[in-house]
Amino acid sequence: MNFLTYEQKFKEQAELSGKSEYYIDECLNYARNLNKNGLPIIYDDVHLSKLLGIRLDFLISISNSQKDYYRFFSISKSNGKSRKIAEPLPLLKEIQHFILDNILLKVPCSVYSKAYKPGAKLKSNAKFHRNQPVLIKMDLKDYFPSLDEHRVYKFFHHLGYKDSVSVLLAKLCTLNKALPQGAPTSPYLSNLLTRELDEDIYLFCKENGNLRYTRYADDISISGNMIPTNIIKGVVKIIAKHGLKINKEKTAVIPNSNRQVVTGVVVNQKLQASKPYRHSIRLEMHYCMRYGIEDHIKKSKKISNNTNKRKYCQQMLGKVNHCLQLNPNDSEMKSYRDFLLQKIVE
C-alpha cells in the first residue's frame, strides 16, 4: 500500500472514530516521516503488539522483565577464557528479528564497520590494510555491555519514533540496560550505535597522514605511515568522548618487518590465514591422511564423540575454504580440499 492510500484510509477510519483534525494531522505527519525513511509506522505499544501478532500483556511483560525471557550459558574462547551468552527465548527472539529486519537493517551503518552486516567478510576488512608500513591494533573494552539502553533509546528516537515507542523498542533490544551477547539485534545495532565514533576516528586518521581505518566489531585497525603514539593518544580521546574505553592490554603497534595480522589474517604482502590457524589444519590433515579419518576422530580428545566422518569433513572443509578465500592459489590447501571432498562422498 502506498502512503497516499494509507493516508486516505487512515483519515476515513479516524473521522469515523470521532478523532479531531489536529489528531489526524499529528498522526499523519509522524507516519509520513517514518514512511519517507522506509521504516514501519508504529504509533504505540498497542500498535506494535498488533504488528507483531503478540498479545499486549505479553509484550509489556517481556519489556519489563527481560531476564525471564533469556537463557544463559557460556562458550569457550580461543584464549581459554569463556564468553557469557544470553540467548533470547523463542518469543523474544521472534520480536527481535522483526525489529532487525524491519527497522535496523533499513538504516545503513558506517562503511568503516566491517562486521555484522550483510556480505561482511574477514577478507574485506583485512585487505584494506595490506602491505602498510605500520599497523595499530586496538580493542574496545566491554563492547556490547558499554552500549547501554539509553543509547538504544536515542537511536530509535532519532529515527523518528515517539518517546514511548522508542523506550519500548530499546527495552526489547536490551538486557540489564545494555546490549546482550546472543540477541539477533545486538550485532547490527552495535554498528549503528557507533556510526559517529567511526566517522570521528576516520576524520582523525585522514587529517593525520591519510591513514586507513576499519573496525571489525570491537577490533580497531589503523595502518599507514605514522607516529603510533600520537595516533593512539588521539584515538583514545575520541573513544572516551563517545563513552567507550580501550583495552590497553590488547593495543599493539606492528611494523611491516613483523607479521601483521588483522582479524586473524596476515596482511604483510599477500593475504594469508595466520600461521597458528594454518598449522592446526596441517596437523589435523596429517593425522587424517596417514591414519584415516575415523581413527583420528576416535583418538582425538578435541573432537566430540558425536561427530561422524561426514560432519568432521565438512567442519575441516570450512577451515580449508577460509584459507583458500584469502589465498586461492594455496596449493597445500587445495590438496586438503580435494581430499576432504572425496571423503565426504565416499
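In the predicted model, phenylalanine 156 touches Ile99, Ile103, Leu104, Tyr161, Ser166, Leu169, Ala170 and Cys173, leaving out residues up to four places away in sequence, where contact means heavy atoms within 4.5 Å. Phe156 is also listed with Ile99, Tyr161, Ile201 and Ile222 as the residues that touch the most other members of the largest nonpolar core, which has 72 residues. A nonpolar core is here a set of buried Ala, Val, Leu, Ile, Met, Phe, Trp, Tyr and Cys residues joined through side-chain atoms within 4.5 Å, and buried means under 20% relative accessible area, with exposed over 50% and partly exposed in between (1.4 Å probe, protein chains only). A second, separate core of 27 residues includes Val265, Ile281, Met316 and Leu324. In soluble globular proteins, nonpolar side chains tend to be buried together.

Residues are numbered from 1 along each chain as its sequence is written, and side-chain values use heavy atoms, with hydrogens and water left out. As the model is predicted, local features need pLDDT of at least 70 and side-chain atom pairs count only at pLDDT 80 or more, whereas totals for chains, interfaces and linings use all residues.

The axes of helix H5 (residues 90-102) and helix H9 (residues 163-173) come within 10 Å and cross at roughly 125°, which makes H5 oblique to H9. Axes are lines fitted to C-alpha atoms, for helices over the stretch in contact, with angles from 0 to 180 degrees between N-to-C directions; angles under 35 degrees count as roughly parallel, over 145 as roughly antiparallel, 65 to 115 as roughly perpendicular and the rest as oblique. Leu92, Ile95, Gln96 and Ile99 of H5 make the contact with Leu169, Leu172 and Cys173 of H9.

Leucine 92, found in helix H5, is buried, with a relative accessible area of 1%. Its contacts, apart from neighbours within four places in sequence, are with Ile62, Tyr69, Tyr70 and Leu172. The C-alpha atoms of leucine 92 and leucine 172 are separated by 7.7 Å, although these residues lie 80 residues apart along the chain.

Across the protein chain there are 16 helices and nine strands, assigned as DSSP runs numbered from the N terminus (helices H or I, at least four residues; strands E, at least two). Of its 346 residues, 45% count as buried, and 67% of the contacts with a separation of 6 or more are accounted for by residues 24 or more positions apart.
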